[in-house]
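Grab a pencil and open the viewer.

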Amino acid sequence: MPFDGGSPVAVLAADRISKSFGSVPVLFSVGFDILPGEVHALIGENGAGKSTLMKILGGFHQPTSGRIFMDGKEVVLPPNGQAEDLGIVLLHQEFNLAEQMTVEENMFLGREKSSNGFLRRKEMREEVRGHLAEVGLNVSPTARVSDLSVAQKQMLEITRAVSRQARVLIMDEPTAVLTTAETELFFRQVRRLRDNGVAVVFVSHKLGEVKEIADRITVLRDGQWIATRPARDLTLDAMAQLMVGRELSDLYPPIAEADVDAPKILEVRNLTTPRVRDVSFDLRRGEVLGFSGLVGSGRTDVFEAICGLQQVEGGQIRFDGQPVNFRSVAKARDAGIAYLTKDRKGKGLLLEQGMLPNVTLLALPRFVRNFMLDRKAEEEALKRGIRRFDIRARDPNVRVGDMSGGNQQKLLLAKIMEINPKVVIVDEPTRGIDVGTKQQIYHFIAALAAEGMSVVVISSEMPEIIGICHRVFVMREGRIAGSLTGDDINENEIVRYAAGLKEAV
Ligand SMILES: Nc1ncnc2c1ncn2[C@@H]1O[C@H](COP(=O)(O)OP(=O)(O)O)[C@@H](O)[C@H]1O
Ligand SMILES: [Mg+2]
């Protein structure tokens, strides 16, 4: 135990907190405290219990046992977000915005200003404008939240938290969806809050960011408290080791030589869409092809167009030797192209359901016998997926929305395997996923290629592109700026193409 009741000056402290969901224990006598004017980072692998602990400190879950102290006094936090009235604001890992409402409505949700029964709209709008400007979020107060990009939604959550003048601000993986530039802006806000005496908790997998922003670091592993240390005492390697509990070697799998004579499975010529121009490339059987470049450079657009999610204005696409023009993701998938979007939460999974219907969803006809779903065949498929992709759920009936990001990604892989794809396209495959699970996903990708599938990896994380791809295309402003193979696949070359310092000849 790190302490008993926490530091006397802690704003908020958890003392010997345990939590079980049903009969499944997920936290074991954990201690954690937060001081005013510090950024306290909480790190741990997926499933370590970070979100659960934070929900307990935000009043969203009741602990099974243990005590919570606020300003040194034991408290029972009110449920359902009412702890905000005590100054504890929790930014959930999942988005918590009302999608059909506008930006300003979300900012004031539950705190609308009115006089004589009339909403003081003008005043509220001005205040929202001020907060948006402060955080550098360039959207209209009247924009609908569903029209915002993922990054903008996250910044809006941060703006909303800033506007609530929190004493304790808990942020669960807030930068998972932010670009480097957005993260910098966001960190500026965090530092400002900290300097004003706010106690900030920063839950993250991105150890580099943790190192940059945290004053203290607490590590959880498998629901247990492992360590709380000043950030300056921990190197990145030390953090990773505490999280995983073992040495992290072989993060990337060995890359087998690419077979340059392997048949071309996908041939794209001069693909042009509203956002990309003249994109041409081939994908061979058994190849892992990387698409790098800045966010917004057109990487995702190319593959959305190929899979029928964006309009194609010109060019040719050949798949398995035949010209194709898929009108929908479903058509592309039926042909053998599986596409895992970067927005795991929104597009890929039935979050309210268990694992079983998720795994068999795409291949349902295969699981029908005598007009009935063959439950046994479905269960076999799930078992296969769990085994192959090492999906870890202590409760097999867990709601998929409650699974960790890493396990959700593994479940998506299991799901697409049921359609026997020839091409697998993954967009930001390890975003918001801990190092241990990342390593597994890299090895899975290499294994798919070794089995003869072709994989496209779209990623903002240069190390992973460099670590797992046979060839890399770098995009810039809607075009392919260059392609790299072998030893030329390095950070320096990618950056030069991405930034326009070098052009393909
Ligand atoms: N509402 C819930 N019901 C059942 N199990 C849950 C629920 N929420 C989380 N869990 C389980 O608790 C464990 C810890 O999850 P979580 O706190 O989300 O971890 P982390 O945030 O560190 O990834 C996981 O095994 C997860 O599946
Ligand atoms: Mg979490």
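**Exercise 1. Find which residue of β9 stands opposite Val89, then work out how β9 sits in the protein.**

Step 1. Look across from Val89 and you land on Leu169 in β9. Strands here are DSSP E runs of at least two residues, while helices are H or I runs of at least four, both numbered from the N terminus.

Step 2. Two strands count as paired if DSSP finds at least two bridges between them.

Step 3. Now try β10 (residues 199–203): five bridges join β9 to β10, again in parallel. One pair to spot is Asp172 with its bridge partner Val203 in β10.

Step 4. Check burial. A residue is buried if 20 or more other C-beta atoms lie within 10 Å of its own, exposed if 12 or fewer, and partly exposed in between, with C-beta atoms placed from the backbone. Five of the five residues of β9 (residues 168–172) are buried, so the strand is largely enclosed by the rest of the structure.

Step 5. Sort the directions. In a regular strand the side chains alternate between the two faces of the sheet. Val168, Ile170 and Asp172 point one way, Leu169 and Met171 the other.

A quick note before you go on: this is a predicted model, where local features need pLDDT of at least 70 and side-chain atom pairs count only at pLDDT 80 or more, while totals for chains, interfaces and linings use all residues. Residues are numbered from 1 along each chain as its sequence is written, and chains are lettered from A and ligands numbered from 1 in the order in which they are written.

**Exercise 2. Give the strand order of the open four-stranded sheet and say which strands stand at its edges.**

Step 1. The order is β14-β13-β16-β17, with antiparallel pairing.

Step 2. β14 (279–284) and β17 (322–323) each have a single partner strand, so one side of each is left without a neighbour in the sheet.

Step 3. Zoom in on β13 (residues 264–272) and β16 (residues 314–319): five bridges join them. Here Glu267 stands opposite Arg318 in β16.

**Exercise 3. Describe the hairpin made by β23 and β24.**

Step 1. β23 (residues 471–476) and β24 (residues 479–485) pair in the antiparallel sense over six bridges. Arg471 stands opposite Thr485 in β24.

Step 2. Two residues lie between the strands, and Glu477 in the turn has a positive phi of about 50 degrees.

**Exercise 4. Say what surrounds ligand 1.**

Step 1. There are 17 residues around ligand 1, the closest being Phe21, Val26, Lys50, Ser51 and Thr52. To count, a residue needs its C-beta atom, placed from the backbone, within 6 Å of the ligand.

Step 2. Helix α1 (residues 50–57) gives the largest share, three residues.

Step 3. Domain 1 (12–244) and domain 3 (351–420) each supply at least three residues of the shell. These bounds come from an automatic or database domain assignment.
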